[in-house]
Amino acid sequence: MKIVKLSIFYLIIIMLAIALSLAGVRLSLSLGIFALVAVAMVYRYIHILYRTNNMKLVDVLVKDRKKDPFFAYLFAVAYGTKEDQLRSLDVVIAKYKQPAMKYNYQFLKAIMENNLEEAKDAADKINKEPLTSYAKCYIAALEGRTTDMRSEQLTQPWMQPAVEAVYAHKMKNETAFQQFAQESMEVARGVQKYALIHTFEEMKKDM
């Protein structure tokens, strides 16, 4: 379906370029204009994925692409049940061949199922920083191992406060949970911020 949409999009660009050429505009100039438009569209997509603070834009993107396994998982986090999230994780795990991403999603699934042994096994297999350290620190927080839940390898600014929020949640410290969850969400961007907002919202219900 994506290929069909892209084909139609580029066909329209070519047809418009030809139309402008027939109207007296140089073909190279008209193609250049549409190339800039295409680049702008790609930039906007990347910006929404990784940089924006506008969660309405992310929400629209997630809803628009919810048939894609990655976005289906985000949609389930925002709008689905625990069962929906687990099913979407199964699909993502089956789709991703890259080991780091595959085992990262296996880690998330094991955490949702409260299976720390499987979570530890997945964390050991991620083999990519800072994802490996984040998974291991997350597990340490769940197990109350405070000396092991902090690491200099957590290079994404949202990671350490997110782990601290997990520990505060385990300890039923609502004040600390709110503080660290807010700190993590404030420094995150794009789809990561979106996922954190909805994940922390669910965790808050269990306080």
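Student: Why are α3 and α4 called oblique to each other?

Tutor: In this predicted model, the axes of helix α3 (residues 55–64) and helix α4 (residues 69–79) come within 8 Å and cross at roughly 120 degrees. Angles of 65 to 115 degrees count as roughly perpendicular and those over 145 as roughly antiparallel, with the rest, apart from those under 35, being oblique, and α3 and α4 are therefore oblique to each other. The crossing of the two helices is left-handed.

Student: Which residues make the contact of α3 with α4, and how do they divide by class?

Tutor: From α3 come Asp59, Leu61, Val62 and Lys63, and from α4 come Phe71, Leu74, Phe75 and Tyr79. These residues divide into six nonpolar, no polar and two charged.

Student: What puts the buried residues of α3 on the same side of the helix?

Tutor: The buried residues of α3 are Met55, Val58, Asp59, Leu61 and Val62. Because they cover an arc of only 165 degrees around the axis, they lie on the same side of α3. On the other side of this helix, Lys56, Val60 and Asp64 are exposed.

Student: What makes the pair α4 and α5 roughly antiparallel?

Tutor: Helix α5 (residues 82–95) packs against α4 at an angle of about 165 degrees, with the axes 9 Å apart. Since angles over 145 degrees count as roughly antiparallel, α4 and α5 are therefore described in that way. Their crossing is left-handed. The contact is made by Pro69, Phe70, Ala72, Tyr73, Ala76 and Val77 of α4, together with Asp84, Gln85, Ser88, Leu89, Val91, Val92 and Lys95 of α5, and by class it has nine nonpolar, two polar and two charged residues.

Student: Why does Lys109 count as buried?

Tutor: Lys109, which is found in helix α6 (residues 99–112), has 19% relative accessibility. Buried means under 20%, so Lys109 falls within that class. Leaving aside neighbours within four places in sequence, Lys109 is in contact with Leu86, Leu89, Asp90 and Ile93.

Student: How do you know that Ala122 is buried?

Tutor: Ala122, found in helix α7 (residues 116–126), has 3% relative accessibility. Apart from neighbours within four places in sequence, Ala122 is in contact with Tyr103, Gln106 and Phe107. Ala122 and Ala110 are 12 residues apart in sequence, and their C-alpha atoms are 8.3 Å apart in space.

Note on methods. Residues are numbered from 1 along each chain as its sequence is written. This is a predicted model: local features need pLDDT of at least 70, side-chain atom pairs count only at pLDDT 80 or more; totals for chains, interfaces and linings use all residues. Side-chain values use heavy atoms; hydrogens and water are left out. Axes are lines fitted to C-alpha atoms, for helices over the stretch in contact, and angles run from 0 to 180 degrees between N-to-C directions. Helices (H or I, at least four residues) and strands (E, at least two) are DSSP runs, numbered from the N terminus. A crossing is left-handed if the near helix is turned anticlockwise from the far one by less than a right angle, and right-handed if clockwise. Contact means heavy atoms within 4.5 Å. Ala, Val, Leu, Ile, Met, Phe, Trp, Tyr, Cys and Pro count as nonpolar, Asp, Glu, Lys and Arg as charged, and the others, Gly among them, as polar. Buried means under 20% relative accessible area, exposed over 50%, partly exposed in between (1.4 Å probe, protein chains only). The arc is that of the directions from the helix axis to the C-beta atoms.
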